[in-house]
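Notebook open, structure loaded. I'm jotting down what I look up as I go.

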Amino acid sequence: MATEFETSVRDWVAQNLPAPLAGARIDMYGVVSGDPAVKDAFDLWRRRLAAQGWGAPTWPVEYGGAGLTDAQAKVVSRAIAKAGSMNPIPYLSGMGVTMVGPTLLEYGTPEQKTRHLPGMASGEVRWCLGLSEPNAGSDLASLTTSAELDDEGWVLNGQKTWTSGADKSQWCGVLVRTDRSAAKRDGISFLMLEMKQPGIVTRPISLIAGESPFCETFFTNARARKDDLLGKLNDGWSVVKRLLQHERQSQTTAPATTNKVEPLQDIAKRYLGSNADGTLADADLRSRLADHLMDTAAHELTIARIMTDARGGNLEVTATASILKNSATDSTQGRSELLLEIMGNQGVGWETGEYTEEEVRTAREWLGGKAMSIYGGSYEVQKNIIAKNILGLPETTQKG
Ligand SMILES: Cc1cc2nc3c(=O)[nH]c(=O)nc-3n(C[C@H](O)[C@H](O)[C@H](O)COP(=O)(O)OP(=O)(O)OC[C@H]3O[C@@H](n4cnc5c(N)ncnc54)[C@H](O)[C@@H]3O)c2cc1C
């Protein structure tokens, strides 16, 4: 039976979700495909969610959240999904709600929280993350972008790359070298940087999937306020380690549960037909589909177990985020591979016409999904972290 909270959430969603939104699709920049009326409805929906504090439901009310528990926040997101829609705020805030915000909650001063969190929680301020550089990816501590303090604040020089949404963001969380004489990890700091200024140039990079979600970002005497240092000076490595845990945790949901998607087995039957007893006609595919569904279910159960353990204080969530990130990657990429196989020639379309929208989306998601084993720390690097921090194996070339 539904609890009082569940009923009140369901009623609120039913009363406040604008009608054109049920089932509408939204991409990572909050651009709604199709009708402009749908776009307006999304903005209304965003404002209503923000007023409820449901853009970042677990954050304190004073910072734009609703002070809900994780379980209550899940009730909210399930109610929204059940109504055939989604919450656009985490997307609109870029790296804000999922990564920079939770890190700020932990490391920020009260003034920094008041200044930055409400804009993320309402989806009005988009954040990007400037960590990777051309010569510092997996080995992030080799970064060379520098920041020096003068009378008016920080002066930044250098280059970042793969900065997702840099050209569309108002703010950037950037990792910089603040002490060249210290050991690699000890001379790094985390700054919050306003993107609209003459010292910053962004150049989008096109991807194989046809979109350009990220940029090269160049800093030439770019400026940050003195009090936009997050955490302690030269302790940016601790800040970013925590931030990356939040990033990995936000990437742990397997695809089949994030959206109201048609079950893979139903799609397979639609394309390949079924036997008289209703089972999928292709027996080999049937057994591989079953393997995939079991792996995905095991992944979801592992998330549930880890969350329970973490609440009971029995577990350090840090390294488990690496396990979950890799199993979510396996699940997502595995699903895309199976979908492509199910659709056969119809799964390689690039434009609608000969191919349905669903088929074109499948091809693009298959290509786009390749990035999942790279961003947020590559698949191999997560394995190194698991080997060292969970299995206790000896140090490799990767220190993590
Ligand atoms: C879609 C996408 C979005 C991204 N968004 C951002 C962003 O917003 N901000 C940002 O700062 N960065 C972003 N990145 C960059 C991402 O964090 C890096 O690509 C990633 O950390 C890997 O770094 P690299 O590309 O330099 O590869 P490299 O570090 O050069 O690695 C190349 C290969 O070598 C392997 N490898 C490297 N070291 C080891 C080791 N010690 N042991 C075993 N194997 C190893 C890697 O697994 C990989 O396969 C994004 C990347 C992608 C794909």
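Predicted model: local features only at pLDDT ≥ 70, side-chain atom pairs only at ≥ 80, totals over all residues.

How many bridges join strand β2 to strand β3, and do they run parallel or antiparallel? I looked it up: β2 (residues 146-150) and β3 (residues 153-164) are antiparallel and joined by 5 bridges.

**Hairpin.** I checked what sits between the two strands, and β2 and β3 turn out to form a hairpin with 2 residues between them. I also picked out one pair: leucine 149 has tryptophan 154 of β3 as its bridge partner.

**α1 on α3.** Here I looked at helix α1 (residues 4-16) against helix α3 (residues 70-82). Their axes are 9 Å apart and the packing angle is about 35 degrees. The crossing of α1 and α3 is right-handed. From α1 I listed Phe5, Glu6, Val9, Arg10 and Val13, and from α3 Gln72, Val75, Val76, Ala79 and Ile80. Sorted by class, this α1 contact with α3 has 7 nonpolar residues, 2 charged and 1 polar.

**α5 on α6.** How far apart are the axes of α5 and α6, and at what angle do they pack? I get 10 Å and about 160 degrees for helix α5 (residues 96-107) with helix α6 (residues 110-121). That angle is over 145 degrees, so α5 is roughly antiparallel to α6. I noted a left-handed crossing for this pair, α5 and α6. On the α5 side the contact uses Gly96, Val97, Gly101, Leu104 and Leu105, while α6 brings Gln112, Lys113, His116, Leu117, Met120 and Ala121.

**α5 on α7.** I then followed α5 to helix α7 (residues 236-250), where the axes come within 8 Å and cross at roughly 135 degrees. With that angle, α5 and α7 are therefore oblique to each other. The crossing of α5 and α7 is right-handed. Which residues meet here? I wrote down Thr98, Met99, Val100, Pro102, Thr103, Glu106 and Tyr107 from α5, facing Val239, Arg242, Leu243, His246, Glu247 and Ser250 from α7. By class I have 6 nonpolar, 4 polar and 3 charged residues in the contact of α5 with α7.

Terms used:
Residues numbered from 1 in each chain as written. Axes fitted to C-alpha atoms, helices over the stretch in contact; angles between N-to-C directions. Helix = DSSP H or I, 4+ residues; strand = E, 2+ residues; numbered from the N terminus. Parallel < 35°, antiparallel > 145°, perpendicular 65-115°, else oblique. Left-handed = near helix turned anticlockwise from the far one by under 90°. Contact = placed C-beta atoms within 7 Å. Nonpolar A, V, L, I, M, F, W, Y, C, P; charged D, E, K, R; others polar. Pairing = 2+ DSSP bridges.
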